[in-house]
Amino acid sequence: MLDNILECFPEEDILKADGYDAGVIGIDCTSMRLIYSVSSCIQLLVNDGMEEEEAVEYFNFNVMGSYIGEKTPIWCVDNL
């Protein structure tokens, strides 16, 4: 998905969350911010060896809770 988005918008300055490329589910065409699946990103951490509870806590605090400017990615909470 990410490769397709970057190919479609080669002139845009799109900010990526390092290590979570597989969690990209789309882009907001108004703000040109990537949209990530929270459940997919957490699963990536679990696949890397974290326990699920640890992965959720780490992701919420260190990734989703970070603001890095107007291009900060959008986090789609899809695991309710």
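The chain exposes about 5,300 Å² of surface, and carbon and sulfur atoms supply 49% of that area. These values come from a predicted model. Buried residues make up 29% of the 80 residues in the chain.

The chain has 3 helices and 3 strands, and along the sequence they follow the pattern α-β-β-α-α-β. The radius of gyration is 13 Å, close to the 12 Å that the globule rule gives for 80 residues, so the chain is as compact as a globular protein of that length. Along its principal axes the C-alpha trace spans about 40 × 25 × 20 Å. Among contacts between residues at least 6 apart in sequence, 45% join residues at least 24 apart.

The 3 strands form an open sheet in the order β1-β2-β3, with mixed pairing. The edge strands are β1 and β3 (74-76), each of which pairs on one side only. From one strand to the next the twist averages 30°.

Strands β1 (residues 24-28) and β2 (residues 33-37) run antiparallel and are joined by 4 bridges. Together β1 and β2 form a hairpin with 4 residues between them. In the turn, M32 has a positive phi of about 60°. Two bridge partners in β2 are listed below.

| Residue | Bridge partner in β2 |
|---|---|
| I27 | L34 |
| D28 | R33 |

In a regular strand the side chains alternate between the two faces of the sheet.

Helix α2 (residues 38-47) lies across β2 and β3, and α2 runs at about 65° to β2.

Conventions:
Residues are numbered from 1 along each chain as its sequence is written. This is a predicted model: local features need pLDDT of at least 70, side-chain atom pairs count only at pLDDT 80 or more; totals for chains, interfaces and linings use all residues. Side-chain values use heavy atoms; hydrogens and water are left out. Two strands pair if DSSP finds at least two bridges between them. Axes are lines fitted to C-alpha atoms, for helices over the stretch in contact, and angles run from 0 to 180 degrees between N-to-C directions. Contact means heavy atoms within 4.5 Å. The radius of gyration is taken over C-alpha atoms; the globule rule is 2.2 Å times the number of residues to the power 0.38. Buried means under 20% relative accessible area, exposed over 50%, partly exposed in between (1.4 Å probe, protein chains only). Accessible areas come from the Shrake-Rupley method with a 1.4 Å probe; for residues, only the protein chains shown count as cover.
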